[in-house]
Amino acid sequence: MHKQRVFSGVQPTGNLHLGNYLGAIKNFVDLQNKFECVYCIVDLHAITNRQEPEELKSNILETIASFIASGLDPKKNIIFNQASVSAHSELAWVFNCVARIGWMNRMTQFKEKAGANKENASVGLLVYPNLMAADILIYKATHVPVGADQKQHLELTRDIAKKFNNDFKCEDFFPIVEPLISNEIPRIMSLRDGKKKMSKSEESDQSRINLKDDKDLIDKKIKKATTDNLAIPSELSGLKNRNEATNLISIFASVNGLKVSDVLKQFGGKNFSTLKSKLSESIIERICPIGDEIKKLLKDKKYLNEILTHGSKRADLIAKDNLKKIYDIIGLSKFS
Ligand code: ATP
Ligand code: MG
C-alpha cells in the first residue's frame with residue numbers, strides 16, 4: 001500500500017483564470033484537509049513555449065500569490081517551484097527512455113499547442129507528458145487533482161508507472177495514480193469559442209476571466225461572451241451541439257455549487273441576458289476577493305520567496321530520496 005499523497009501543478013504562464021480556479025485550485029484547497037499535498041509551480045513546463053525571462057520570474061510569484069489567495073496554507077502543504085528540485089528533470093529523462101514515441105504522438109495537448117507547424121514545436125512540448133509523469137511519480141503521489149483537459153496525460157502517467165514497474169520487475173514500486181477530476185467541473189471553455197478551452201496562453205484576453213480582473217471587466221467580458229440566439233432549454237438534451245450555451249451554464253453551475261440540471265430548471269425558457277447578469281454577479285462575488293488578495297500579496301515579495309524556499313527544501317528531501325531508489329533499481333549510481 002502506498003502512502004496517500006496528492007500532487008498537482010500549475011504553469012507560471014501568467015493570467016490565472018476561472019478555468020484554473022474551478023478546474024484545479026479550488027479542488028487543491030478542498031484536498032489540503034484530507035491528504036498530504038504537494039503543489040508545484042511547474043516552471044520547466046512553462047519553457048516548452050518561449051518565455052521572457054523577466055516575465056517568467058514575475059509569473060512564478062504571481063502563481064504562488066494566487067495559490068495563497070485562493071486559500072492554500074503554505075505550512076500545511078508543500079508549495080514550491082519545479083526548477084528548485086532537480087530530481088524532476090532527472091526522472092523525466094528516465095521516463096523519456098521508458099515511454100514510447102507512439103504514446104507521445106497521440107497526445108491531444110501537443111496537437112493543440114503545436115498547431116499547424118508541428119515540425120517547429122520544441123521537443124520539450126512533445127515530451128511534456130514525461131516530465132509531468134516525473135513530477136507526480138518522484139513523490140510517489142497517489143492522487144492528482146487536475147482539470148478535465150489533463151485526463152489524457154494522467155492516463156499516460158499510469159502507463160509509464162506500469163511499464164517501469166514491469167520492465168524493472170519492481171511490481172508496485174510506482175503507484176498507479178488516481179485522477180481527481182470532478183464530474184461537476186467540466187472543462188471551462190473560452191468565452192469567445194466554445195470549442196476551445198479557456199487558457200492562459202490564449203492571445204485574446206476577452207476569451208477568459210482572469211483572477212485579477214476587476215468587477216467592471218468581468219461584467220463586460222460576460223456581456224460580450226458568445227452565445228446563440230435560442231432561449232435557455234429546461235432539459236439537458238436542449239444543450240446538444242450548443243457549446244457556448246453549455247459553457248456559460250456550466251460555469252454558472254460550478255461557481256454556485258449547483259448541478260447543470262438545476263440551473264436549467266431555474267433558467268429554462270429565459271434568454272441568455274438574464275443568465276449573464278446573474279453569472280457576472282456570481283463570478284464577481286467569488287473571484288474579486290481572490291484578485292484583491294493576490295494584488296496585496298504581490299507587494300510582499302519577501303514573504304512569497306520565503307514560502308518557495310521553505311517548500312522547495314521540503315520537496316527536495318522527498319524527491320532526492322526517491323530518485324536514489326529509482327537509480328538503484330535501474331542500475332545507475334551517483335558518485336558525486
Ligand atoms: P497554458 O495555456 O499555459 O497551458 P492553462 O490555462 O492550460 O495554461 P495550466 O497551468 O496548464 O493552465 O493548468 C493548470 C491546471 O488548471 C491544470 O490542472 C488544468 O487541468 C487546469 N485547467 C486549465 N485550463 C482549464 C480549463 N479551461 N478548465 C478546467 N480546468 C483547467
Ligand atoms: Mg495547460
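**Close-up 1**
With a relative accessibility of 44%, serine 86 counts as partly exposed. The model shown here and in the other views is predicted. Serine 86 belongs to the loop that joins β3 (78-81) to α4. Lysine 320 is 234 residues away from serine 86 in sequence, yet the two C-alpha atoms are 8.5 Å apart in space.

**Close-up 1. Packing of helix α4 against helix α13.**
Helix α13 covers residues 301-330, and its axis lies 10 Å from that of α4 at an angle of about 25 degrees. Angles under 35 degrees count as roughly parallel, and α4 and α13 are therefore roughly parallel to each other. Their crossing is left-handed. On the α4 side the contact consists of Ala87, Glu90, Leu91 and Val94. On the α13 side these residues meet Ala319, Leu323, Ile326, Tyr327 and Ile330. By class, the residues of the contact of α4 with α13 are eight nonpolar, no polar and one charged.

**Close-up 2. Surroundings of glutamate 90.**
Glutamate 90 is placed in helix α4. Leaving aside residues up to four places away in sequence, glutamate 90 touches Leu323, Tyr327 and Lys334. Leu323 and Tyr327 are also among the α13 residues that meet α4. Leucine 72 is 18 residues from glutamate 90 along the chain, and their C-alpha atoms are separated by 28 Å.

**Close-up 3. Crossing of helices α4 and α7.**
Helix α4 (residues 87-98) and helix α7 (residues 123-137) have axes that come within 8 Å and cross at roughly 125 degrees. The crossing of α4 and α7 is right-handed. From α4, the contact takes in His88, Leu91, Ala92, Phe95 and Asn96. From α7, it takes in Val127, Asn130, Leu131, Ala133, Ala134, Asp135 and Leu137. The residues of this contact of α4 with α7 comprise eight nonpolar, three polar and one charged. Leu91 of α4 takes part in the contact with α7 and also in the contact with α13.

Asparagine 120 lies in the loop that runs between α6 (108-114) and α7. Its relative accessibility is 60%, so asparagine 120 counts as exposed. Tyrosine 39 is 81 residues from asparagine 120 in sequence and 31 Å from it in space, C-alpha to C-alpha.

**Close-up 4. Buried residues of helix α11.**
In helix α11 (residues 260-267), the buried residues are Val263, Leu264 and Phe267. Around the helix axis they span an arc of only 100 degrees, which puts them on the same side of α11. An α-helix has 3.6 residues a turn, so residues three or four places apart point the same way. The cover over the buried residues of α11 includes α10 (243-256) and α12 (272-297). Glycine 269 follows α11 and has a positive phi, near 90 degrees.

**Close-up 5. Packing of helix α10 against helix α11.**
The axes of α10 and α11 are 9 Å apart, and the two helices pack at an angle of about 105 degrees. That angle makes α10 roughly perpendicular to α11. Ile249, Ser250, Phe252 and Ala253 form the α10 side of the contact, and Val260, Val263, Leu264, Gln266 and Phe267 form the α11 side. In the contact of α10 with α11, seven residues are nonpolar, two are polar and none is charged. Val263, Leu264 and Phe267, which take part in this contact, are the buried residues of α11.

**Close-up 6. Two asparagines with positive phi.**
Most residues other than glycine have a negative phi. Asparagine 15 is not a glycine, but its phi is positive, about 50 degrees. Asparagine 15 sits in the loop between β1 (5-10) and α1 (18-31) and is partly exposed, with a relative accessible area of 32%. Asparagine 241, also not a glycine, has a positive phi of about 60 degrees. The loop that holds asparagine 241 lies between α9 (215-224) and α10. With 74% relative accessibility, asparagine 241 counts as exposed.

Note on methods:
Residues are numbered from 1 along each chain as its sequence is written. Chains are lettered from A and ligands numbered from 1 in the order in which they are written. This is a predicted model: local features need pLDDT of at least 70, side-chain atom pairs count only at pLDDT 80 or more; totals for chains, interfaces and linings use all residues. Side-chain values use heavy atoms; hydrogens and water are left out. Axes are lines fitted to C-alpha atoms, for helices over the stretch in contact, and angles run from 0 to 180 degrees between N-to-C directions. Helices (H or I, at least four residues) and strands (E, at least two) are DSSP runs, numbered from the N terminus. A crossing is left-handed if the near helix is turned anticlockwise from the far one by less than a right angle, and right-handed if clockwise. Contact means heavy atoms within 4.5 Å. Ala, Val, Leu, Ile, Met, Phe, Trp, Tyr, Cys and Pro count as nonpolar, Asp, Glu, Lys and Arg as charged, and the others, Gly among them, as polar. Buried means under 20% relative accessible area, exposed over 50%, partly exposed in between (1.4 Å probe, protein chains only). The arc is that of the directions from the helix axis to the C-beta atoms. Angles under 35 degrees count as roughly parallel, over 145 as roughly antiparallel, 65 to 115 as roughly perpendicular and the rest as oblique.
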